[in-house]
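Please work through the exercises below with the sequence and the 3D structure side by side. Each task is followed by a solution that goes step by step.

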Amino acid sequence: MVKLHDSYKKLLQIYKFSSNIIGTPLLPSRFVPSHQNNRHEIRFKTSGAGERTLQERQRQHMARGLPKQKPIAGVKEVIVVASGKGGVGKSTTAVNLALGLMANDQSKSVGLLDADVYGPSIPKLMNLKGNPELTDNNLMRPLVNFGISCMSMGFLVEEVAPIVWRGLMVMSAIEKLVRQVDWGNLDYLVIDMPPGTGDVQLSITQNIPIAGAVIVSTPQDIALLDARRGAEMFRKVNVPVLGLVQNMSVFQCPKCNHQTHIFGSDGAKELAHTLGVEMLGDIPLHLNIRETSDKGQPVVVSSPNSPEAEAYRRVAAAVVRRLAKHPS
């Protein structure tokens, strides 16, 4: 009985400590004296109006804890290119979108930020290697190709080196890639986001004013499910969804010109209608896009007169039109 009594006293001490720190008990109710148990029951049994008041207080508390958005020096508008899942051609779309923005208007200056720390693709797609130089202010100078200023974690680590980091280290890396770079004066900064709706997406949207988000998906049902989650996430953090890009929409046989919808047809168009956003364009599943991407010669610059390049330029033009409706 003495040992049992001592154990009970220790459990009560832990309970009191946890309640003081986080305001909720760590122990099941059977370990809590009846008078304390009743106290907590009364605390959480509130009326509808009381619940609304509690929710409002929670929102205000959360808002106080959010970081204040700070623009990137020299950058006019930030466009994020995202997808709910990997493997839908998001990075290829981001690269050709950036090139398309500049191809449509040569007076515009465009930058490209690779925010996928674990799997950076921009160095390969933009045919860039090497480490950034430092300015006198210890800012990194972006690497440049095809007139696009680029920054990626791939410039800071070896090409095949795995990045095995926890969340806080990734957040710190993103902050450096955004803030400790001499971007110069850019009309558009296109950010190639990692797939999903995790820490990186939230960190970027909470710290940087985003002009709009472009969601990339194939017409396949499983990809569309995740694309919808991505679009809803941006809406929750008050980032305008500029529209959807339906990638790999159709395959045309190079010999007989027969068209096959390998991943389904019009799935992204239907999702755009459901979400009430614009369909920015269709990108075909074409060998030319894959080959030029693997060579680090994106199709918009290597085959500017091809239908594939024209498809990307149409997407870029649609993005600019949507940005005009959502001034940052």
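The model is predicted, so local features need pLDDT of at least 70 and side-chain atom pairs count only at pLDDT 80 or more, whereas totals for chains, interfaces and linings use all residues. Residues are numbered from 1 along each chain as its sequence is written, and side-chain values use heavy atoms, with hydrogens and water left out.

**Exercise 1. Overall make-up**

Task: State how many helices and strands the protein has, and what share of its residues is buried.

Solution: Begin with the secondary structure, in which helices (H or I, at least four residues) and strands (E, at least two) are DSSP runs numbered from the N terminus; the protein comes to twelve helices and ten strands. Next, take burial, where buried means under 20% relative accessible area, exposed means over 50%, and partly exposed lies in between, with a 1.4 Å probe and protein chains only. Of the 328 residues, 44% are buried. Finally, turn to contacts, meaning heavy atoms within 4.5 Å: among those with a separation of 6 or more, 74% join residues 24 or more positions apart.

**Exercise 2. Salt bridges within helices**

Solution: Side chains of opposite charge can pair when their charged atoms come close. The rule applied here asks for a side-chain nitrogen of Lys or Arg within 4 Å of a carboxyl oxygen of Asp or Glu, and by this rule there are nine salt bridges.

- Step 1. Aspartate 226 is buried, at 17% relative accessibility.
- Step 2. Aspartate 294 is partly exposed at 40%, and arginine 290 is partly exposed at 45%.
- Step 3. Arginine 313 is buried, with a relative accessible area of 17%, whereas glutamate 310 is partly exposed at 31%. Salt bridges with shared partners join Glu310, Arg313 and Arg314 into one network.

**Exercise 3. Two helix pairs**

Task: Describe how helix 8 packs with helix 9 and how helix 4 packs with helix 12, and classify the residues that meet.

Solution: Two packed helices are described by the angle between their axes and the distance between the axes. Here the axes are lines fitted to C-alpha atoms over the stretch in contact, and angles run from 0 to 180 degrees between N-to-C directions. Angles under 35 degrees count as roughly parallel, over 145 as roughly antiparallel, 65 to 115 as roughly perpendicular and the rest as oblique.

- Step 1. The axes of helix 8 and helix 9 (residues 267–275) come within 11 Å and cross at roughly 30 degrees, which makes the two helices roughly parallel.
- Step 2. Residues of helix 8 in this contact include Leu224 and Ala231, and those of helix 9 include Leu271 and Leu275. Counting Ala, Val, Leu, Ile, Met, Phe, Trp, Tyr, Cys and Pro as nonpolar, Asp, Glu, Lys and Arg as charged, and the others, Gly among them, as polar, the contact has six nonpolar, two polar and three charged residues.
- Step 3. Helix 4 (residues 90–104) and helix 12 pack at about 75 degrees with their axes 8 Å apart, and are therefore roughly perpendicular. This contact divides into nine nonpolar, five polar and one charged residue.

**Exercise 4. Serine 91 and threonine 92**

Task: Is serine 91 buried or exposed, and which residues does threonine 92 touch beyond four places in sequence?

Solution: Serine 91 lies in helix 4 and is buried, with a relative accessible area of 12%. Leaving out residues up to four places away in sequence, serine 91 touches Ser121, Leu125 and Asp192. Threonine 92, also found in helix 4, is buried at 18% relative accessibility. Beyond its neighbours within four places, threonine 92 is in contact with Leu125, Ile289, Ser293 and Tyr312. Threonine 92 and isoleucine 122, 30 residues apart in sequence, are 8.6 Å apart in space, C-alpha to C-alpha.
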